[in-house]
Amino acid sequence: MSEKMGRLVLYSGCSGVGKGTILKELMKRDDSIRLSVSDTTRAPRPGEVDGVDYNFVSKEQFEKVIAENGYLEYAKYCDNYYGTPIDQVNDMLTQGYNVVLEIEVQGGLQIMENFPNILSIFVLPPSLEVLGERLRGRGTEDEAAIKKRLREAEHEMKYKDRYKHVVVNDKLEDAIEEIQGIIANER
Ligand code: 5GP
C-alpha cells in the first residue's frame, strides 16, 4: 500500500441489517479497504472463522486487555463484550489502508468523541419488520435472542443522526454503491 496514512471509517447499523455483506463486497471492489477484526466473547456462529470474522476470546482474556488499555473502544452488547484492538488498527492505518470499524453505537459514540472528524456511516433497514424477517431468515439465533436484537436495533436507530451518512439497505447493490461513493468522495 501507499506511504500515506489510511483513514478510519466508523460503520454502524442494526444487527442483521446486512452490514457485513455490504462490507465484504466493498472489500472485493476496493483493495484499500480493510476491516478491523474485533475481539468478542460471543460464541462463533456456524461458518465463522477465528481470526477472520472475530478473534473469539474468553471473558477473562477480554478483561485483561481492557485493563491494559488495549482497546480503541469496547462495549457490552446482548451480554457479550466486543472490542477493537488498537495495535491492529494502527498497523493497518500506517500501511495506508482505509480501516473500517464495524461496531455498534456505544462503541461508535466513543470513537466519535476521540475522532470528531471521522467519516461515519450508519446502515438502516427499510423497516423493523424487514429486519425481523432477515434475522429470522438467518436462522442463527433463537426467538428470544432475535427479540432482544430487535429491541437493541430500535434503540440503536435513535443514534443514526449522530452519523455523517445514513444509508438504507433496501436493495443490496444500491447500498453497496452508495457506501462506495461516500468513501471515495471522502478521500
Ligand atoms: P454480532 O454478534 O451480530 O456479530 O455483532 C453484534 C454487534 O456488535 C454488531 O452491531 C457489530 O457491529 C458490533 N461489533 C462488532 N465488533 C465490535 C467491536 O469491536 N466493538 C463494538 N463496540 N461493537 C462491535
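## Where the ligand sits

The ligand sits in the largest pocket. "Sits" here means that more than half of its atoms lie within 2 Å of the pocket's grid points. A pocket is an open set of points on a 1 Å grid over the protein atoms alone, where a 1.4 Å probe fits, with protein on both sides within 12 Å along at least five of seven lines; lining residues have an atom within 4 Å of a point.

This is a predicted model, where local features need pLDDT of at least 70 and side-chain atom pairs count only at pLDDT 80 or more, while totals for chains, interfaces and linings use all residues. Residues are numbered from 1 along each chain as its sequence is written, and side-chain values use heavy atoms, with hydrogens and water left out.

## The pocket itself

The largest pocket has a volume of about 980 Å³, taken as the space filled by probe spheres set on the points. Its lining counts 38 residues, and Gly 20, Arg 45, Glu 48, Tyr 54 and Glu 102 lie nearest the centre. Two or more lining residues come from each of α1 (19-29), β2 (33-35), β5, β6, α5 (128-138) and α6 (143-157), with α1 giving the largest share, six residues.

By class, that lining splits into 13 nonpolar, eleven polar and 14 charged residues. Asp, Glu, Lys and Arg count as charged, and Gly is among the polar ones.

## Around the ligand

Now for the shell: 18 residues surround the ligand, and Ser 38, Arg 42, Tyr 54, Tyr 82 and Glu 104 are the closest (a residue is near if one of its heavy atoms lies within 4 Å). Strands β5 (71-77) and β6 (80-85) each supply at least two residues of this shell. Its classes are five nonpolar, six polar and seven charged residues.

## Polar contacts and burial

Polar contacts are pairs of N or O atoms within 3.5 Å. An oxygen atom of the ligand is 2.6 Å from a side-chain N or O atom of Arg 42. For the side chain of Thr 84, the distance from a ligand oxygen to an N or O atom is 3.4 Å. Glu 102 takes part through its backbone, with a polar atom 3.2 Å from an oxygen of the ligand. Taken alone the ligand exposes 510 Å², and the protein buries 95% of that (Shrake-Rupley method, 1.4 Å probe).

Note on methods
Polar contact = N/O pair within 3.5 Å; in protein donor to acceptor, adjacent residues only side chain to side chain. Helix = DSSP H or I, 4+ residues; strand = E, 2+ residues; numbered from the N terminus.
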